[in-house]
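Here's a quick briefing for anyone opening this structure for the first time.

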Amino acid sequence: MTFDTPISRAGSHCVKWDMLEPLYGFKADEGLAMWVADMEFKPPQVVQDSLQKMLDHGVYGYFGDDTAYLAAIRWWMQTRHGWEVQPDWIFTTHGLVNGTALCVQSYTQPGDAVVLMTPVYHAFARVIKAAGRSVTECPLTLKDGLAQVDTADWEKYLTGKERMFILCSPHNPGGRVWTGEELRQIADFCVKHDLILVSDEIHHDLVYPGQKHTVMALAAPQIADRLVMMTATTKTFNIAGAHIGNVIIADPALRKTFAGTINAMGISPNSFGMHMATAAYSPEGAAWVDALMRYLDGNRKLFDEGIAKIPGLRSTPLEATYLAWVDFSGTGMAPEEFIERVEKQAKIATNHGSAFGTGGESFLRFNLACPRAQVVEAVSRLERAFADLQ
């Protein structure tokens, strides 16, 4: 658990660092990659050991007998989230973007619309539109810099074509941990408008001290007949390249429909991901996550303190995730200007807020899951880039 140790990822075929030059115009040794949502840390040793065991065996065939895998998921959800899951509720997908796409295919038709609370994870809109559906944006409101749910305000955005609502819980970007009351308001909204609710809870293990994530299935058990849950080990344990996720469905009718889509597309699990996820959901994995969150909490505080010293910049108080959401509207600059300063002067690669939909235009997203020295360097570079505002 030596999170301070730098690990060079240049030349390892990782998107985050090896695509810096073509996308941002600077090389890995010149700048900082703080965009793609993976971490600069090795996963827990128990995960590494599971892969070593596979390598030592040396035969990489089809995966079979998922008993231990399903048991690990059930143990994790029960012990970490107080949620009892049955083994026949669990489907394995190639990550949760794939899981989202499969839900869109399963429960909507071309021409239907899907509701998103914007700004929100950009891949949702991408797969919705690629499937011939449209996005209905219901913008979040801000109070003291924190995103707020206002279902009454959302009514005016509906077109009548909506068939699904995709929730990001905890929220990306912005790092909100939705309260039980907010989750129930969203559930009631879905009932009122007869929407299937897909709850993407991939960040549910990355919650800071003083916050408590509530699983949607527990917050609103009365909507089990329209609820699809999505969880994964990938974000929690930094194994995104394993492309593995879980779609968990309690309702038999919804399960039957989803199973039909899975079977029609010939989807079967990646054996490397299955072994890694089984190992991760363990007491050893839990201890690693606890240590990770203590470290990330330190990064979060350091970054926020630095941003607070730069006039015109405001860092959203993170309740979860390692993705800082910084508002540049106080600078009075157009997005083109503050992006130019961050990426061309400071040479920091970030995610542009506009990619997350309505409400994100004045923001940039920074990934803080890196050695603390990189956070210090990022703050220093930002201070220099905006020195004329000091």
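Helices (H or I, at least four residues) and strands (E, at least two) are DSSP runs here, numbered from the N terminus. With that in hand, Pro119 is found in the loop between β3 and α6 (122–130). Keep in mind that this is a predicted model: local features need pLDDT of at least 70, side-chain atom pairs count only at pLDDT 80 or more, and totals for chains, interfaces and linings use all residues. Residues are numbered from 1 along each chain as its sequence is written, and side-chain values use heavy atoms, with hydrogens and water left out.

**The nonpolar cores**

- A nonpolar core is a set of buried Ala, Val, Leu, Ile, Met, Phe, Trp, Tyr and Cys residues joined through side-chain atoms within 4.5 Å.
- Buried means under 20% relative accessible area, exposed means over 50%, and partly exposed is in between (1.4 Å probe, protein chains only).
- The largest such core holds 65 residues, and Phe165, Ile186 and Met216 have the most contacts inside it.
- Elements giving two or more residues to this core include α4 (67–81), β3 (113–118), β7 (162–168), α8 (180–192) and α13 (283–308).
- Helix α13 supplies the largest share of this core, with 8 residues.
- Apart from this core lies another one of 28 residues, with Leu96, Leu102, Val104 and Ile262 among them.
- As background, nonpolar side chains tend to be buried together in soluble globular proteins.
- What does Phe165 touch, not counting residues up to four places away in sequence? Its partners include Val115, Trp154, Ile186, Phe189 and Leu197, where contact means heavy atoms within 4.5 Å.

**Two helices side by side**

- The axes of α13 and helix α15 (residues 372–385) come within 10 Å and cross at roughly 10°. Axes are lines fitted to C-alpha atoms, for helices over the stretch in contact, and angles run from 0 to 180 degrees between N-to-C directions.
- That crossing makes α13 roughly parallel to α15; angles under 35 degrees count as roughly parallel, over 145 as roughly antiparallel, 65 to 115 as roughly perpendicular and the rest as oblique.
- On the α13 side the contact residues include Tyr295, Leu302 and Phe303, while α15 brings in Val375, Val379 and Leu382, among others.
- The residues of this contact divide into 8 nonpolar, 3 polar and 2 charged.

**Aromatic rings**

- Rings of Phe, Tyr and Trp (its six-membered ring) pair if their centres lie within 6.5 Å; planes under 30 degrees apart count as stacked, over 60 as edge-to-face and the rest as tilted.
- By this rule the count comes to 22 aromatic pairs.
- One of them joins Phe3 and Tyr295: their ring centres are 5.4 Å apart and their planes sit at 40°, so the pair is tilted.
- This pair links distant parts of the chain, since Phe3 is in the segment before α1 (15–18) and Tyr295 is in helix α13, 292 residues apart.
- Phe3 is buried at a relative accessible area of 6%, and Tyr295 counts as buried at 9%.
- Ring pairs also link Phe3 and Tyr295 into a cluster with Phe41, Trp75, Trp76, Phe237, Tyr281 and Trp288.

- A cis peptide bond joins Thr118 to Pro119, with omega about 0°.
- Another cis peptide bond, also with omega about 0°, joins Asn172 and Pro173; Pro173 has its place in the loop between β7 and α8.
- Asp144 has a positive phi of about 55° although it is not a glycine, and with 63% relative accessibility Asp144 counts as exposed.
- Asn238, again not a glycine, has a positive phi near 60°, but Asn238 is buried, at 14%.

**Helix α6 and a few buried spots**

- Which residues of α6 are buried? They are Ala123, Phe124, Ala125, Val127 and Ile128, and their cover includes α5 (96–107), β3, β4 (134–139), β7 and β8 (196–200).
- Just after α6, Gly132 takes a positive phi of about 80°.
- Asp38 counts as buried at 14% relative accessibility, and its contacts include Arg9, Lys16 and Asn238.

Note on methods
Nonpolar A, V, L, I, M, F, W, Y, C, P; charged D, E, K, R; others polar.
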